[in-house]
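These are my notebook entries on one model. I record what I looked up, entry by entry.

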Amino acid sequence: MIQVNLDFTDEQFRRVLREEIQKAVSNVIKQNQLPPMLTRKEFMELFNISQTKASELLNRPDFPVFREAGVLIPTHLLMKWVEKNTKWVDDNTNYFNKVV
């Protein structure tokens, strides 16, 4: 068995993690060819979340939702929201600094 010692700084690890998440999301979008607007059900399936979590997010004042035609989530704004709020976690919490 070969042992490899990986020594990353916190910032290097965050950068690699962000890149991998972005690749994964891009692949999902390409594979599924997401529509411009997601229904509540499509949103829940895409993010693998329950109705409770979906309702919680949809009721946030900063969450992108178009209610004039039911409950629809603009896909491009949703992805921007995810990026913005993932960065918020990085900037405002110690979540990524936890010792594993």
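The model is predicted, so local features need pLDDT of at least 70 and side-chain atom pairs count only at pLDDT 80 or more, while totals for chains, interfaces and linings use all residues. Residues are numbered from 1 along each chain as its sequence is written, and side-chain values use heavy atoms, with hydrogens and water left out.

Entry on F43. I looked up its class and found F43 buried, with a relative accessible area of 1%. F43 is placed in helix 2 (residues 40-47); helices are DSSP runs of H or I with at least four residues, numbered from the N terminus. Which residues does F43 contact, leaving aside its neighbours within four places in sequence? I list L38, I49, A54, L57, F63, I73 and L78, contact meaning heavy atoms within 4.5 Å.

Entry on salt bridges. I take a salt bridge as a side-chain nitrogen of Lys or Arg within 4 Å of a carboxyl oxygen of Asp or Glu. How many does a search of the whole structure find? The search returns 4 salt bridges, and I followed up several.

I noted E11 with R18, whose closest N and O atoms are 3.8 Å apart. E11 is partly exposed at 46% relative accessible area, and R18 is partly exposed at 38%.

I noted E19 with R15, joined at 3.4 Å, N to O. These residues are 4 apart in helix 1 (residues 10-32), so about one helical turn separates E19 and R15. E19 has a relative accessible area of 36% and R15 one of 42%.

I noted K53 with E56, where the closest N and O atoms are 2.9 Å apart. Both lie in helix 3 (residues 51-58), 3 residues apart, about one turn of the helix. K53 is partly exposed at 34%, as E56 is at 46%.

I found a nonpolar patch of about 390 Å² made by L6, F8, F13 and V16. Patch residues have over 30% relative accessible area and no salt bridge; like charges are joined within 9 Å, nonpolar side chains (Val, Leu, Ile, Met, Phe, Trp, Tyr) within 5 Å. Areas come from the Shrake-Rupley method with a 1.4 Å probe; for residues, only the protein chains shown count as cover. F13 lies in helix 1 and is partly exposed at 42% relative accessibility.

Technical notes. Buried means under 20% relative accessible area, exposed over 50%, partly exposed in between (1.4 Å probe, protein chains only). Helices (H or I, at least four residues) and strands (E, at least two) are DSSP runs, numbered from the N terminus.
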